[in-house]
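Subject: Handing over a structure, with notes

Dear colleague,

I am passing the structure below on to you, and I would be grateful if you could read the notes that follow with the structure open beside them.

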Amino acid sequence: MIRVEPDREALARTAAELIAACARDAVRARGRFTVAVAGGGTPLPAYRSLASPALAGTVPWPGVHVFWGDERCVPPDDPSSNERAVREALLDRVPVPADHIHPIRCAGDPARAALAYDALLRSFFADGDGPTFDLVLLGLGENGHTASLFPGDPALQETSRWVVPARVAGQAFARVTLTAGVLNRARAVVFLVSGSAKAGVLRQVLEGPRRPERLPAQLIRPRFTQPLWLIDAEAASQLSDGKDSRRGDRP
Ligand code: 6PG
């Protein structure tokens, strides 16, 4: 499912409305809403929009649990920290219980941090048949990565662990990421993609041959639903005509 918004602002607003609606539905149905948020810059305007009084007032925050799809292994107050970015854009502005915020802390040893987050997820989802998030938010890197699942990384083949460390050549910091297996168990998966710099890789991922080894975003095939690609017109600029579905549906 692909939905094309005219610009970044509309993309952010629609994404925020969608997250709020998913939260209301999940809390109504199951008493809680579990979301794995995306890092990077693209989702930040949506998080800020969700924190706006108009929308924040429609979200049942006491039932919301926030997890991260991946993290850069820097201190939580580092400018590169996904935790810091999401706290500043959203969590510091809304009444989500502090003990419902579950960051990935990996400033030290990434392997140990991955084990710790794996254990945290296993205890949190112990009452179910596995880690089934209500909503997973993802971005798309220009090299086709999503979360911290990078081209050629052995983590792409992982089938038993829920969380693994990842290292990207040339990057100063290691990373920790949820595996594709966990992301694909979600009840809803939404990719947020914006800007002309992503148009080429987006066409490859959505319309090109299936090569998840080189385009890890192609690994995301949820078991219970189809991923929703919420994109703006610039990012959609290389997609073949007729690719965007109707506006207004939710995954
Ligand atoms: C991260 C993200 C990563 C991100 C893409 C897109 O920690 O960097 O989780 O997967 O979503 O790199 O990043 P932008 O939105 O900044 O383009």
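Throughout these notes, contact means that heavy atoms lie within 4.5 Å. The model is a predicted one, in which local features need pLDDT of at least 70 and side-chain atom pairs count only at pLDDT 80 or more, while totals for chains, interfaces and linings use all residues. Residues are numbered from 1 along each chain as its sequence is written, and side-chain values use heavy atoms, with hydrogens and water left out.

The chain as a whole

The protein chain holds 7 helices and 10 strands, where helices (H or I, at least four residues) and strands (E, at least two) are DSSP runs numbered from the N terminus. Its radius of gyration, taken over C-alpha atoms, is 17 Å, close to the 18 Å that the globule rule (2.2 Å times the number of residues to the power 0.38) gives for 251 residues, so the chain is as compact as a globular protein of that length. The C-alpha trace spans about 45 × 40 × 35 Å along its principal axes. Of the 251 residues, 56% count as buried, a word that stands for under 20% relative accessible area, with exposed meaning over 50% and partly exposed in between (1.4 Å probe, protein chains only). The accessible surface of the protein chain comes to about 10800 Å², of which 50% belongs to carbon and sulfur atoms; such areas come from the Shrake-Rupley method with a 1.4 Å probe, and for residues only the protein chains shown count as cover. Among contacts with a separation of 6 or more, 77% are accounted for by residues 24 or more positions apart.

The ligand and alanine 147

Which residues are the closest to the ligand? They are Thr42, Asp70, His145, Ala147 and Lys198, out of 15 residues that surround the ligand, a residue being near a molecule if one of its heavy atoms lies within 4 Å of it. By class, this shell has 2 nonpolar, 9 polar and 4 charged residues, where Ala, Val, Leu, Ile, Met, Phe, Trp, Tyr, Cys and Pro count as nonpolar, Asp, Glu, Lys and Arg as charged, and the others, Gly among them, as polar. An oxygen atom of the ligand is 2.7 Å from a polar backbone atom of glycine 41, and an oxygen atom of the ligand is also found 2.8 Å from an N or O atom in the side chain of asparagine 82. For the side chain of arginine 175, the distance from an N or O atom to an oxygen atom of the ligand is 3.2 Å. Taken alone the ligand exposes 420 Å², and the protein buries 85% of that.

Alanine 147 sits in the loop between strand E6 (135–138) and strand E7 (163–166), and it has a positive phi of about 45° although it is not a glycine. Most residues other than glycine have a negative phi. Alanine 147 is buried, at 11% relative accessible area.

Glutamate 158

The loop between E6 and E7 also holds glutamate 158, which is buried, with a relative accessible area of 17%. Its side chain is joined to that of serine 160 by a polar contact of 3.1 Å (a pair of N or O atoms within 3.5 Å; within protein, one must be able to donate a hydrogen and the other to accept it, and residues adjacent in sequence count only if both atoms are side-chain atoms). Not counting residues up to four places away in sequence, glutamate 158 touches Val164 and Thr179.

In H7 (199–207), the residues Ala199, Gly200, Val201, Leu202 and Val205 are buried, and the buried residues of H7 pack against strand E9 (189–193) and E10. Threonine 225, found in the loop between H7 and strand E10 (228–232), counts as buried at 19% relative accessibility. Beyond its neighbours within four places in sequence, threonine 225 is in contact with Ala186, Arg187, Ala188 and Val189.
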